Every structure is written in C-alpha cells, then in structure tokens.
Amino acid sequence: MDLKDLYRDVIVDHNRNPRNFRPMPDADRQAEGFNPLCGDRLTLFVRLDGDRIADVSFQGSGCAISVASASLLTESIKGRSIEEADRLFGTMHELLTSDEAGVDTAGLGKLAALSGVREFPARVKCASLCWHTLEAALHRQDAAVSTE
Amino acid sequence: MNAARPALRTPAAAAHEPLDVAALRTDFPVLSREVNGRPLCYLDNAASSQRPQAVIDSVSRYYETCHANVHRGVHRLSQEATELFEGARDTVQRFLNARSRREVIFLRGTTEAVNLVAQSYARPRLGPGDEILISWLEHHANIVPWQMVCEQTGATLKVIPITRSGEVDFEAFLGLLSPRTRLLALAHVSNALGTVVPVERFIAEARSRGIPVLLDGAQATPHMPVDVQALDCDFYCFSGHKMCGPTGIGVLYGRESLLSEMAPWQGGGDMILAVSFERTIYNELPYKFEAGTPHIAGAIGLAEAIRYLETLGLERIAAAEHELLRHATARLNEIPGLRIIGTAPDKAAVVSFVVDGIHPHDIGTILDHEGVAIRTGHHCAMPVMEFFGVPATARASFAFYNTTAEIDRLLEALQLAREVLG
C-alpha cells in the first residue's frame, strides 16, 4: 500500500486546482452532500438541456480525495445524458468498493485515478460523496445527502 | 496468570522523580505492535487510551475465576464477584474523594451519566422560561442531552461564549447567570482543544446562587487528580476507557442529597427492593440508578486502571504529559502554515491544529501510513469548529506513555504530508 496509489498526480492536481469550482445561478438542479465523519461538505449544481447535462459545477470544502473526485466528476459528465451519468455512477461505485481489481476502467478516463481509494477503506466515502450528491441532484431534487 | 506476560513495572520512586517511560511502556502490550511496517505511534489518547497488562489481566482473571451475577446469589462465585464489584466502587469513591460510596453510580460512560442527570434531575424540575447553561467548548455529549431536555420541558439552553484562545469567557458567564438558571454543565477539560477550564471559579459563582453544577470530566480524570469535595460540584461524570480502563464503563458522581431526591432513570432488576403489580419500592443509593446486570468486569478493570495510575502518581503523570505538550507545541510551531487551534495557558496534553492547503483528513491518512495515529474531524464538538471557522482539525493527544521521539515522528510525517499534497 503506497501513498502514491491514493494521492496520484491527477488527484493532487485536481485538489490544488479544482475544475468547475463555481456557483451556478441558473442551475436546474442542485443538491448538498455532507460527510459528518470528516466535515466534507459540497453543493453540486446541474443545468440540463433536455436529458443532457449541459453544465455541472460544485462548491464546498473537503479533503483532497473529495475535492478531486468532485472535480473529476464535473469534467467527466458534462455533455453526457442522465442515463450515461447513472451508468457512470454504477461503475464508480464498483470501482471504489469492489474487492477485486476486475473493474473495467477503460471508459473511465481520468476517473480511473480514483481506483487506489479502494485500498484505503476510511476514504471511500470521501470519493463517493459527490457521486451520491449527483444522483440526488438528478433524481431527488433539493435532497441533502449524508454519507452517514 | 501467564507468567510470560510482562510484569507491572512501577518502581517505588519518589513523587518528584520523573516517570521511567521506557520501563512503563512495556506495561502496554499494544505499544509493541507495528502499523504499516512502523512501530505504532499512538497519539489519539483523548479519543481513547490504551490498556496496561494489569487492567487486561484483572478483567481476564475475573472471567477466568469468579464470574457470576452480583447482588443475587448466596453461592461463592456471586459473593466473590460482588466483593470485586463493590470494591471497585470503593476505589472510585476514594479516587474522587466522594463522601460516600452511595454517591458513586456505575454507568456505561460519561454520555450516559450526563443523560441520566438530564432526564432524572433536570427534566422533572424544568419548565418554560427556565435556563440551562453550558459553554461553547462542550463535547456533543454535554450539549445534546440538554437540548433534548429543553425540547421536553420548554426550557432554554444558554451558551457561554469562548475566547480566541479557547477559554470559557468568565465575564460573559457572569452576564448569562439569571434567576432562571437551573443548572450549569461544564467541561472540566475540553476534548477538542485541551483547555483546562478553571471550573472552581464557575462553581463558586453558581453555587453561591444555589445553581447546581455538573462537570464533564471525561478528559480530566486521565490527567489530573480530581477531588469532588474540593471542587464542590454536584455531579461529576467520567469514562473508564480514556484512563486506561475498559470501554463501556463510566461513573456518575452525584451529591447524595440530590441523588436521593431523584427518581430512577431506568427500571429493572437490581434497582428495586420489592415489586408487585400494584407498587414497586426502589432500592437505595447507588443501586436505584443501576438497573439490570451491571458491567461487572468493566468496573473491576476500571478499579485496576485507577490503581495503576495512582501507583505511577497522578502528579507525575501530569508533569510528564505537560512536558510532551510543551515539546509538541514548540515543534509544531516550526511548521510553516500550521496553526494551533486552542492556545489557553492551561491545557491538557492535546494539540489541535490545521495546516494551510491540507485537509485534516488527508493529514490523518498520511500519518496513519507512517504508523502515527491521530484523530481528525470535528471531535464531537462541531460548535467549536464553527467558532474557529474550520470544518475539522487534526488532533494529537498524548498520554504519559508517549515519548518526545514519537512527537518527532509526528513532525516527520507532517513534513511528508506537505511533500505529498503541498
């Protein structure tokens, strides 16, 4: 278990310079995510064009894993359909929690950098918080998400 | 007992001699284990301390030789178990300098003790307009039970502010006292910041107005001698597991005149003298508040932990921990971008801190990778975090078995965190 498996360059970069880190006054959907264990707190904004995610952004504060994960999420789902985002949620859930390294990361792009989180069970919730928040934003409007 | 286990090494040194830390570390089996290939460096003592072999043995010995239910049987084992359990109560009475063993109630821990007082003392006595006074420093266990009782009775919770150094503001406290103040509930030592609250001043002021005082002593009993008569408090709560004792055992000390007037909190076996469907006669103190089979092994282990700490000497323990605090504070202040939260002049061996650009949770993971265990998060004191404008802190908390070399390892690991994430 190496620290660099967790804090890969992509993650360190997205923590230092989170992408799409801004409020969205014209958002169609928004949801709050909160991890009471460590105080991670984020708000996810989504603007839809039909069933397509036209824009997505986030704000909040959290550890490097939660910030980088949210930043990578925004990059990876912008322009995708809600159905595609749901499928990605399922794949990420498997990537973060599966006991085996058998998850197909081919279509994940930079998101694959989060595969090392699996080796650090205490940090899985940090990486998955934004994904649960996205699900809430897309399917349960104005819902607050807690990892507890 | 297993002869291969290390013996308790507590040389009968004079009170002014420093502790022989290298020797007493061998009393703690867990301190010899490794984490991630490094010797364990356990700096999370404010969350829970480790156990010396003597405590582990006392619990095993009880289960191996004389376990039975207490207060019930005429047979030999029940008598022996009762003797050990009630002997533990005597040990706690002496440890706290309580007037009577009737004032010592065994419970699950500090949290249960506060809840008992909230429900059994406060709830029947409070109504709309009455006030309970706590401070901004409190652990959630000394906030939420009072919020619950306020909801139940219509009473109001008032909060004494703290200063930027993390001290309870005495002048503000005086301003908040009112003819409707019915109870003052204060931390003796802050778990999040380490502040030692000068409770004597607060107690004197409250008691002179006839206001009873509860102290949350969870963080105090591991670090300093506590004398409830000298403090003149009405209730004192603490937990075994923060002072080298078992988990699941704690104590409520209550002034006998108050406990006598209070109705039982939970009903069941052991808390009764006679039961019929028409009427139940409650048992006398302290059993009135100990419904059901108690944590017998826990009480026995707690008494052994008290003996262990007293053999080392509480004053010597305090001196050793003060030196660790001094060393840690000086070394941590060397790190650029590190800010210590909680800078009261009188502190227990707790250092809460934040580092610019690195979230405490990441610090915790990187330190753990190096075998260094600290706590990160809000420390069950979210109002304290809010006051200082931080979502969380990293907290290193020391016990007498820690060494300055371990603090140096904390520093090395923090440098690594800065390299990985800086």
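Me: Okay, chain B to start with. Which domains is it divided into?
Reply: Chain B has domain 1, covering 58-310, and domain 2, covering 313-421. Keep in mind that this is a predicted model.

Me: How many Å separate the centres of domain 1 and domain 2 of chain B?
Reply: Taken over C-alpha atoms, the centres are 29 Å apart. The contact between them takes 22 residues from domain 1 of chain B and 21 residues from domain 2 of chain B.

Me: And what classes of residue are on the domain 1 side of that contact?
Reply: On the side of domain 1 of chain B that touches domain 2 of chain B there are 10 nonpolar, 9 polar and 3 charged residues.

Me: Where in chain B is the pLDDT below 50?
Reply: Over residues 1-13 of chain B. That stretch has 17 contacts in the model beyond near neighbours in sequence.

Me: Switching to helices. At what angle do the axes of H11 and H14 of chain B cross?
Reply: Roughly 25°, and the axes of H11(B) (residues 314-332) and H14(B) (residues 404-421) come within 10 Å. Angles under 35 degrees count as roughly parallel, so H11(B) and H14(B) are roughly parallel to each other.

Me: What's the handedness of that crossing, left or right?
Reply: H11(B) passes H14(B) in a right-handed crossing. On the H11(B) side the contact is made by Leu324(B), His327(B), Ala328(B) and Arg331(B), and on the H14(B) side by Thr404(B), Ile407(B) and Leu411(B). Sorted by class, the contact of H11(B) with H14(B) comes to 4 nonpolar, 2 polar and 1 charged residues.

Me: Now chain A. How do the axes of H2 and H3 there cross?
Reply: The axes of H2(A) (residues 9-16) and H3(A) (residues 64-77) come within 8 Å and cross at roughly 90°. That makes H2(A) roughly perpendicular to H3(A).

Me: Which residues meet there?
Reply: H2(A) brings Ile11(A), His14(A) and Asn15(A), and these meet Ala64(A), Ile65(A), Val67(A), Ala68(A), Ser71(A) and Leu72(A) of H3(A). The contact of H2(A) with H3(A) has 6 nonpolar residues, 3 polar ones and no charged ones.

Me: On to the interface. How many residues of chain B are in contact with chain A?
Reply: 13 residues of chain B are in contact with 15 residues of chain A. On the chain B side, the elements giving two or more residues are helix H12 (360-369), strand S16 (375-377) and H14. H12(B) supplies the largest share, 5 residues. By class, the side of chain B that touches chain A has 5 nonpolar, 7 polar and 1 charged residues.

Technical notes:
Residues numbered from 1 in each chain as written. Chains lettered and ligands numbered in written order. Predicted model: local features only at pLDDT ≥ 70, side-chain atom pairs only at ≥ 80, totals over all residues. Axes fitted to C-alpha atoms, helices over the stretch in contact; angles between N-to-C directions. Helix = DSSP H or I, 4+ residues; strand = E, 2+ residues; numbered from the N terminus. Parallel < 35°, antiparallel > 145°, perpendicular 65-115°, else oblique. Left-handed = near helix turned anticlockwise from the far one by under 90°. Contact = placed C-beta atoms within 7 Å. Nonpolar A, V, L, I, M, F, W, Y, C, P; charged D, E, K, R; others polar. pLDDT = per-residue confidence, 0-100. Domains from an automatic or database assignment.
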